[in-house]
Amino acid sequence: MDTARFYFSFRSPYSWLAAERLAGIRAELELDISLIPARFSASRNFTDPVRNPRKFAYLLKDVARQCEAMGLEFSTPADIGSDFSRPSNAFLFAETRGRAWESLLATCRARWQRGADISDDAVLAEIAREIAIDPVDYLAAADDTAMSALRDERARHIDADGVFGVPFFVWRDEPFWGNDRLDWFLRAVRRSRAQAVPDLTADRFANPFR
């Protein structure tokens, strides 16, 4: 299979929405997708919607309407500033057990559908049981320095790929940023395989993917 890279963060509701959409179609694509918890250096200066009340209010409304359209429940997390290193480490452990997509979706849903603090032991243990992993092992992995090192290793392409936000997709060195660019990422995958894609010169409002 060809391999694409999907950078995500449990902090981002748009990462969750992209994961929900992509999970439903990845088998059809016959595409191997490397799931990478994004880890940016402290020196990066990215716009933080939490520090911009207007942007944060817009984000919540925007995600809510997308969830309504997709038939997904949505809740604002009680703890916006969770420790995302712990669920990211636990996710990487789940990946070693062949449960990467299950962990990604279960963790996102815990945060964005139930409003749970995904750095909390009880929440992580609940996620582990949901995806059929021993909670003791899952919690140990959350604080395992080896998992933190693995997280750094998995993110080794972040600079070369030009990642500056999430969700971020890379296909054959071509970058796509945002849940609203997922269709364009999928379009690029299809075009690279000489598969038909919509003619946007005929209909500029058509879905670019299908």
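The legends below describe close-up views of a predicted model.

**View 1. Strand β1 and its surroundings.** Strand β1 covers residues 2-8. Five of its seven residues are buried, so the strand is largely enclosed by the rest of the structure.

**View 2. The two pairing partners of β1.** With strand β2 (residues 31-37), β1 pairs in the parallel sense, over seven bridges. With strand β3 (residues 168-171), β1 pairs in the antiparallel sense, over three bridges.

**View 3. The peptide bond between V166 and P167.** V166 and P167 are joined by a cis peptide bond, with omega at about -5°. P167 belongs to the loop that runs between α8 (145-154) and β3. Most peptide bonds are trans.

View 4. E30 sits in the loop between α2 (26-29) and β2. Its phi is near 50°, which is positive, and the residue is not a glycine. Most residues other than glycine have a negative phi. The relative accessibility of E30 is 54%; exposed means over 50%, so E30 counts as exposed.

**View 5. A194 in the segment after α9.** A194 is found in the segment that follows α9 (182-192). Although A194 is not a glycine, its phi is positive, at about 60°. A194 counts as exposed because its relative accessibility is 74%.

How values were computed: Residues numbered from 1 in each chain as written. Predicted model: local features only at pLDDT ≥ 70, side-chain atom pairs only at ≥ 80, totals over all residues. Heavy atoms only, no water. Buried < 20%, exposed > 50% of the residue type's maximum accessible area, 1.4 Å probe, protein only. Helix = DSSP H or I, 4+ residues; strand = E, 2+ residues; numbered from the N terminus. Pairing = 2+ DSSP bridges.
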